[in-house]
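Subject: Handover of a structure and findings

Dear colleague,

Please find the structure below, followed by an account of what was found in it.

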Amino acid sequence: MQDTELESMTAALAVAASTGPGHLQLVIANKNYSSWSMRPWVALTAFDIPFEEIRICLDRPDTYQQIALYSPSGRVPVLIADGHAIWDSLAICEYLAEQFPRHGMWPRDLRARATARSICAEMHASFSGLRHDMSMNIRASRPGKGRTPDAQADIGRICEIWEQCLSGFGHRGFLFGDFSIADAFYAPVVMRFLTYDVALAPALQAYVERVAEHPAVALWVAQAHAETEAIPKYDNAQ
Ligand SMILES: N[C@@H](CCC(=O)N[C@@H](CS)C(=O)NCC(=O)O)C(=O)O
């Protein structure tokens, strides 16, 4: 057996040993940059689900090795639930919604829930223009930058989604009324719209402000500002 295999197995056993029934560990990357990590962290925090955070810094010589200790995909976020790894932000949120059915993490209404799942799947699988040209960087200020045709098209589609949800279901201010997994999924987009100063219709601007002021989102942002690691290849982009 190779040393690295042995290390991974030892770490996996240590993870399993350190977690009791119901114990949740969420492995994430830097809060300033990791949009995928933000989603389940915000969902857990917004619904007051206790968890232990394990943060791994991106772009370091040992980043891959550190992530591989927890995540079979080599990516974060990964949730360790009772020693069992659940990777991918959407799978994690689905697991949490099943584990905590009384929290109402998805909208309770069937049609609203189906739409919420549709827009989360769309967020998950699309918007590569926005991801590439307007990457999440909470500490940065880049007004007007990154507006490539692809990013602009993605902004247009996201505005359409928000308008549809807020007018059809969002009578209490969030996409489906109360804060849900869908808002956690779009929180990194809210961060981008603030960093890149995207002009929005008043109802959508109000939604951006509501999400930014949500205590779980505000806590993530405060902790992103408190991080001391900078990644030049992301900070110097655009
Ligand atoms: N589809 C995955 C994507 C996760 C992903 O791409 N994570 C990035 C961090 S934001 C990562 O782990 N990168 C590893 C690296 O850059 O070394 C999810 O939703 O969790």
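**Aspartates with positive phi**

Aspartate 59 counts as partly exposed because 14 other C-beta atoms lie within 10 Å of its own. On this scale, a residue is buried with 20 or more other C-beta atoms within 10 Å, exposed with 12 or fewer, and partly exposed in between, the C-beta atoms being placed from the backbone. The model is a predicted one, in which local features need pLDDT of at least 70 and side-chain atom pairs count only at pLDDT 80 or more, while totals for chains, interfaces and linings use all residues. Residues are numbered from 1 along each chain as its sequence is written.

Aspartate 59 is not a glycine, yet its phi is positive, at about 60°. Its place is the loop between strand S2 (52–55) and helix H3; helices (H or I, at least four residues) and strands (E, at least two) are DSSP runs, numbered from the N terminus. Aspartate 82, also not a glycine, has a positive phi of about 50°. The loop that holds aspartate 82 runs between S3 and strand S4 (84–87). Aspartate 82 is exposed, because 12 other C-beta atoms lie within 10 Å.

**Overall form**

The protein chain contains 11 helices and 4 strands. Its radius of gyration, taken over C-alpha atoms, is compared with a globule rule of 2.2 Å times the number of residues to the power 0.38. For 238 residues a compact globule would have a value near 18 Å, and the protein chain agrees with this, at 18 Å. Along the principal axes, the C-alpha atoms fill a box of roughly 60 × 45 × 30 Å. Of the 238 residues, 36% are buried. Two residues are in contact if their C-beta atoms, placed from the backbone, lie within 7 Å. Among contacts in the protein chain with a separation of 6 or more, 69% are between residues 24 or more positions apart.

**Domains and core**

The domain assignment gives domain 1 (3–102) and domain 2 (106–235); such bounds come from an automatic or database domain assignment. The centres of the two domains, taken over C-alpha atoms, are separated by 22 Å. In domain 1, 18 residues are in contact with 25 residues of domain 2. H2 and helix H4 (89–99) are the elements that give two or more residues to this side of domain 1. The most come from H2, with 8 residues. By class, the side of domain 1 that touches domain 2 has 11 nonpolar, 4 polar and 3 charged residues. Here Ala, Val, Leu, Ile, Met, Phe, Trp, Tyr, Cys and Pro count as nonpolar, Asp, Glu, Lys and Arg as charged, and the others, Gly among them, as polar.

A nonpolar core is a set of buried Ala, Val, Leu, Ile, Met, Phe, Trp, Tyr and Cys residues joined through C-beta atoms within 7 Å. The largest has 60 residues, and Val27, Val42, Ala43, Phe176, Ile181, Ala182 and Ala187 have the most contacts inside it. Helix H8 (residues 181–195) contributes the largest share of this core, 10 residues. Because domain 1 (3–102) and domain 2 (106–235) both give residues to this core, it lies between them. Not counting residues up to four places away in sequence, alanine 187 touches Met38, Arg39, Val42, Val211 and Val217.

**Surroundings of the ligand**

Which residues surround the ligand? They are Ala29, Ser34, Trp36, Ser37, Leu58, Thr63, Tyr64, Arg75, Val76, Pro77, Asp88 and Ser89; a residue is near a molecule if its C-beta atom, placed from the backbone, lies within 6 Å of it. Helix H2 (35–46) and helix H3 (63–68) each supply at least two residues of this shell. By class, the shell has 6 nonpolar, 4 polar and 2 charged residues.

Valine 76 and proline 77 are joined by a cis peptide bond, with omega about 10°. Proline 77 is in the loop between H3 and S3. Proline 72 lies in the loop between H3 and strand S3 (78–81). Proline 72 counts as exposed because 9 C-beta neighbours lie inside 10 Å. Leaving aside neighbours within four places in sequence, proline 72 is in contact with Ala85 and Trp87.

Yours sincerely
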